[in-house]
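Please look over the structure shown here before reading the notes on its strands and aromatic rings.

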Amino acid sequence: MIDLDSLTSSGQPLAFFFDLDGTLAELQPRPEQVFIPAETLAALEQLARHHGVAVVSGRPLAEIDGFTRPLQLPAAGVHGAEWRDPQGEIHRVTLDAAVLAQVGARLEAALADHPDLLLERKSVAFALHYRQAPDKEALVRELAEGIAADHPEFKLQPGKCVFELKPAAASKGEAIARFLELEPFAGCLPVFLGDDRTDEEGFTVVNARGGLTVKVGEGDTVAKTRLPSVEAVALWLQQLSRDLAPHYKQGD
């Protein structure tokens, strides 16, 4: 478990950033089956009353809001290609509609003979899921690499049983850096929890600012510490909200 004293010893206010899938919520066979447990949502709500809290995810904003309802937190979706600032204003990276249509049609045609692969459209990004067909990883990688080579507007982002094509200008690191320029995140010590290769750029940004980075699960990482599972994240969040409660009552 992460020691609370390691977070509060600097005297700086804290700001928390969370990935969603594999961090706040268990991975599922299909993206629409994912959910955040009620206990985790309650802990996030308590945390957000006194600290900056944002979700930084590969999912679109609308899906993030569906998972965190009734909370509507500042959030970066599609790896930062769309984001809602603390004042509620939504910002989006735009790509040419004709290019999006062309890439979407190419992906649909390529996957037509592979019903065990899933194409997920995310406004200006595409996710190719092979969780139900892990033997087809090479096929999916080759398809995604070919599109990224033909369309420099996109960057290939590998993940857990998924290859994503996202806007080249978007990253979770950039999203976190933007939030840290705005109240209530500005001047805070950042804390970022994530589980996937998509989170590594976010870890790098938070490490550079002296914050705490937490890798969820196994795998190589630049994160400073680690929690073993989504369940461990939930327990840590619940403990954190309880441990910080005396500070809130004292006005700290």
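The report below turns to a sheet and then to a group of aromatic residues.

## Basis of the model

This is a predicted model, in which local features need pLDDT of at least 70 and side-chain atom pairs count only at pLDDT 80 or more, while totals for chains, interfaces and linings use all residues. Residues are numbered from 1 along each chain as its sequence is written, and side-chain values use heavy atoms, leaving out hydrogens and water.

## The open sheet

An open sheet is formed by 4 strands in the order 6-7-9-8, with antiparallel pairing; strands are DSSP runs of E with at least two residues, helices are runs of H or I with at least four, both numbered from the N terminus, and two strands pair if DSSP finds at least two bridges between them. Because strand 6 (118–122) and strand 8 (154–159) each have a single partner strand, they stand at the edges, and one side of each is left without a neighbour in the sheet.

Strand 7 (residues 125–129) and strand 9 (residues 162–167) are joined by 4 bridges, and Phe 126 has Leu 165 in strand 9 as its bridge partner.

## The aromatic cluster

Phe 17, Trp 83, Phe 179 and Phe 185 form one aromatic cluster, where rings of Phe, Tyr and Trp (its six-membered ring) pair if their centres lie within 6.5 Å, and planes under 30 degrees apart count as stacked, over 60 as edge-to-face and the rest as tilted. The structure holds 8 aromatic pairs, among them the stacked pair of Phe 17 and Phe 185, at 5.3 Å centre to centre with 25° between the planes. Since Phe 17 lies in strand 1 (residues 14–18) and Phe 185 in the loop between helix 6 (172–179) and strand 10 (189–194), this pair ties together parts that are 168 residues apart in sequence.
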